[in-house]
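Biologist: I've never looked at this one before. Could you walk me through it and tell me how you get to each label?

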Amino acid sequence: MNTLANRKDVARLAGVSEATVSRVFNNVSPLREETKRKVLQAAKELNYHPNVIAQNFAKGKSHNIGVIVPYLPKVNVMSTHYFSELVSGIGAKLGESGYGLLLLFQTPDERKNYVQLFQSQRVDGCIILGSSDNAAEIKAIEELHQLQLPYCLINQTYSGYSFHTIDADHVGGSFQATSFLLDKGFPHVIFLNGPKEYSNSLDRFKGYKQAFDKRNGQISKEFVFEGNYSRKSGYQAAKEISKLLPTSKAIFSANDRMAIGLMQGLGELGLQAGTDYAIIGYDDSEIARMTSPPLTTVRVPLYEMGKLAAEKILNFITGNESDQQIRLPVTLIERKSTSLDMY
């Protein structure tokens, strides 16, 4: 991996300026053959390899920002509140700045190579949605980071890495939701979380646990379930969760889609939200206002997160790089699905 120090070393050994080194590798004329020979010889001795990606990036701009979203067979991810709000926010900011949005779908098993997007000059920057904690993903993002290419992750952080990220306070949001139910007198709160490969799932579990810790309570593993953030996984969890409702009539779901699926499944078992149990979702999607009863949920500023991610990319391109990690606050929105209490 080449760096500015490598270029300085080549310039020093060849007895030329750094600008001359750049001109040699960018093939900018006119240059004396003797000068080119000295630079290339010095580069060979120092095992210096120019950053071809950075060279291409400097030569031209596509004026497109790539937005990478997961492709799942039979699932229209863009119809979901989560992705549609993020992409709308990104598009709004890019439109203000004269940039286009290039939507790129990626299957879970597809080889991750975000750098290729820059090599082909398809994009001037990329925003990654739906990334998860796996070795291939981390390696691909690390390549972007080391090459100092304009990129940003949304809603995913990696322990031990300082990647450029826009996130929300999911620990705080989960703490608010769980505390709200505990303060209503429920001795236990059933928790339907998302997959562990997403940092926001880990954050939500952390907030859930902190709410019990603050009250000197204990979490019971039998009250913690895992879905995959789909409505179907919430529906499928209904049967097992219904068995716990005589003990605990409070449920916190890590997103609205699972909460709504769970409400549907429990409804088929004769159990009504707000009457037989209290339930809180997460995201504050539009459909949360349309359920019967309307769903109490944690509002995440997804549209604003999208705009901030786009702004961060544009600043990166113009040399005004902002903080690497930004985390926005969330808000609990109370509706009738939690009208039941234990008092």
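**Strands, helices and one loop serine**

Modeller: Ala-250 has Ala-278 in β9 as its bridge partner. Keep in mind that this is a predicted model.

Biologist: How do you know that β8 and β9 pair?

Modeller: Two strands pair if there are at least two bridges between them. Strand β8, residues 250-253, and β9 have three bridges, in the parallel sense, so by the cut-off of at least two bridges they pair.

Biologist: Which sheet do they sit in, and in what order do its strands come?

Modeller: It's an open sheet of four strands, ordered β7-β6-β8-β9, with parallel pairing.

Biologist: What makes β7 and β9 edge strands?

Modeller: β7 (224-226) and β9 (278-280) each pair on one side only. From one strand to the next, the twist averages 15 degrees.

Biologist: Which helices pack on that sheet?

Modeller: Helix α9, residues 199-214, touches β6 (190-193) and β7, and its direction makes about 165 degrees with that of β6. Helix α11, residues 256-268, touches β6, β8 and β9, and makes about 140 degrees with the direction of β8.

Biologist: Let's move to the other sheet. What is its strand order?

Modeller: Six strands make an open sheet in the order β2-β1-β3-β4-β5-β11, and the pairing is parallel. Its edge strands, β2 (100-106) and β11 (325-328), each pair on one side only. Neighbouring strands are turned by 20 degrees against each other on average, ignoring direction.

Biologist: How do you know that β4 and β5 pair?

Modeller: β4 (residues 151-154) and β5 (residues 165-168) share two bridges in the parallel sense. The cut-off is at least two bridges, so they count as paired. In this pairing, Leu-153 has Thr-165 in β5 as its bridge partner.

Biologist: Which way do the residues of β5 point?

Modeller: Thr-165 and Asp-167 point one way, Ile-166 and Ala-168 point the other way, and all are buried.

Biologist: Why is the α5 and α12 packing called oblique?

Modeller: Helix α5 (residues 81-96) and helix α12 (residues 302-317) pack at about 40 degrees, with their axes 7 Å apart. That angle makes α5 oblique to α12, because roughly parallel means under 35 degrees and roughly perpendicular means 65 to 115. The crossing of α5 and α12 is right-handed.

Biologist: Which residues meet there?

Modeller: Among them are His-81, Tyr-82 and Glu-85 in α5, and Leu-302, Tyr-303 and Met-305 in α12. By class, the contact of α5 with α12 has ten nonpolar, four polar and five charged residues.

Biologist: One more: where is Ser-285 placed?

Modeller: Ser-285 is in the loop between β9 and β10 (297-299).

Biologist: Is Ser-285 buried or exposed, and how do you know?

Modeller: Its relative accessible area is 7%. The limit for buried is under 20%, so Ser-285 counts as buried.

Biologist: What is Ser-285 in contact with, leaving aside its neighbours within four places in sequence?

Modeller: His-81 and Asp-256. You've already met His-81, as one of the α5 residues in the contact with α12.

Notes:
Residues are numbered from 1 along each chain as its sequence is written. This is a predicted model: local features need pLDDT of at least 70, side-chain atom pairs count only at pLDDT 80 or more; totals for chains, interfaces and linings use all residues. Side-chain values use heavy atoms; hydrogens and water are left out. Axes are lines fitted to C-alpha atoms, for helices over the stretch in contact, and angles run from 0 to 180 degrees between N-to-C directions. Angles under 35 degrees count as roughly parallel, over 145 as roughly antiparallel, 65 to 115 as roughly perpendicular and the rest as oblique. A crossing is left-handed if the near helix is turned anticlockwise from the far one by less than a right angle, and right-handed if clockwise. Contact means heavy atoms within 4.5 Å. Ala, Val, Leu, Ile, Met, Phe, Trp, Tyr, Cys and Pro count as nonpolar, Asp, Glu, Lys and Arg as charged, and the others, Gly among them, as polar. Buried means under 20% relative accessible area, exposed over 50%, partly exposed in between (1.4 Å probe, protein chains only).
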